[in-house]
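Below are my notes on the model, as numbered points.

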Amino acid sequence: MNFTGAHILSIEQFERADIEVLFGTADNMEPYAQRRRITRVLEGAILGNMFFEASTRTRISFGSAFNLLGGDVRESVGMDSSSLIKGESLQDTARVLSGFSDVICMRHPEPGSVAQFASASRVPVMNGGDGSNEHPSQALLDLYTIAKELQGRGRGIDGLRIAMVGDLKFGRTVHSLCKLLSLYQNVQLTLVSPVELAMPEKYIECLRKAGHQVVITDQLEASIAHVDIVYSTRIQEERFSDRAQADLYRGRFRLNQAIYTEHCEPNTVIMHPLPRDSRVEANELDTDLDTNPNLAIFRQADNGLLVRMALFVLVLDVAHLVDRHAKDVPWHNSRDLAK
Ligand code: CP
């Protein structure tokens, strides 16, 4: 794909070679993300960060990534504080906001809404999650994390063994990740969910078309025994027409240190797009896993910064200029950069 000026709406836009370009660029962002260097390559540019649905990581990560490249961020948060609530169309909103911005990130509860918005935008639009459809930047940072975590273990994305656990029907991160894994070879996927929250058939078809082995089950322990990655997800209560229905499934698949020790191979990596549901009735990833070095959930979030910085510099065509606009950091950096 040609990144320059492109909307980033779906994983379907990417080929394997594009992922290599993106991940190589993300690696180059590390000194800036870790505040060892400052770059002002996007000085003067404005990101319109439009989040019409709740978010902590994606919104702040896109915004911080843009700031770290020297750009400014303008935000609109929540449907109630935007004129969409007055009946303005997504297209008119796009026509107006793209006059104020150089790139726009958007999250919206309706599947397809970000593409609809992008169709009327004069600047590139990045999908920060459209309902239960896709969350492409999350899948990209997830795959980047998988590659990094497996690097030192003699395993790669080709031949990966992964268990996806939880709400696979509404979980957009796993939908995008399935599409992304379809670009690779010989992946073994175990899809663990309640029957009612199973992975939609179109994603399973996509995996099988790629020649991957797919097992569908509602049994957790046996499914996590021989995998490289356990990728847990939250029950997406906001997607249920009756939220009380979500209570039927919350807490169905819990992972804690005792279960991990008994069933997982040593060094199995634990991932989750976050937020994890830590309420007692859910507790899908117990906090007793927090000291397990194989818990990668916060490294995932850190990697999101690198991948989103990479998306910005590629789409705005400044990847080759980042270092030219760099200088040293004058303040005390209290981060432990070895971590
Ligand atoms: N992973 C993710 O999308 O998190 P937020 O909902 O907090 O953005």
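1. Buried is used here for under 20% relative accessible area, exposed for over 50%, and partly exposed for what falls in between, with a 1.4 Å probe and protein chains only. By that rule Arg276 is buried, at a relative accessible area of 16%.

2. The model is predicted: local features need pLDDT of at least 70 and side-chain atom pairs pLDDT 80 or more, while totals for chains, interfaces and linings use all residues. Numbering starts from 1 along each chain as its sequence is written, and side-chain values use heavy atoms, with hydrogens and water left out.

3. Strand S9 spans residues 229-232; helices (H or I, at least four residues) and strands (E, at least two) are DSSP runs, numbered from the N terminus. In a regular strand the side chains alternate between the two faces of the sheet. In S9, Ile229 and Tyr231 are buried on one side, and Val230 and Ser232 are buried on the other.

4. S9 runs parallel to strand S6 (residues 161-165), joined by four bridges, and parallel to strand S10 (residues 269-271), with three bridges; pairing requires at least two DSSP bridges between the strands. Val230 stands opposite Ala163 and also opposite Ile270 in S10.

5. The domain assignment, which is automatic or from a database, gives domain 1 (11-134 + 303-332) and domain 2 (136-298). Their contact (heavy atoms within 4.5 Å) takes 29 residues from domain 1 and 25 residues from domain 2.

6. About 2400 Å² is buried between domain 1 and domain 2, with 57% from carbon and sulfur atoms; this is the accessible area (1.4 Å probe) lost when the two parts are put together, summed over both. Of the area that domain 1 buries, Ile11, Arg16 and Asn303 supply 27%, more than any other three residues.

7. The structure holds 22 salt bridges, each a side-chain nitrogen of Lys or Arg within 4 Å of a carboxyl oxygen of Asp or Glu. Six cross the interface of domain 1 and domain 2.

8. Which parts does the pair Arg161 and Glu265 tie together? The two side chains form a salt bridge at 3.0 Å, N to O. Arg161 lies in strand S6 and Glu265 in the loop between H10 and S10, so the bridge ties parts that are 104 residues apart in sequence. Arg161 is buried, at 16%, whereas Glu265 is partly exposed, at 25%.

9. Arg279 and Glu237 also meet in a salt bridge, at 3.2 Å, N to O. Arg279 is partly exposed, at 40%, and Glu237 is buried, at 14%.
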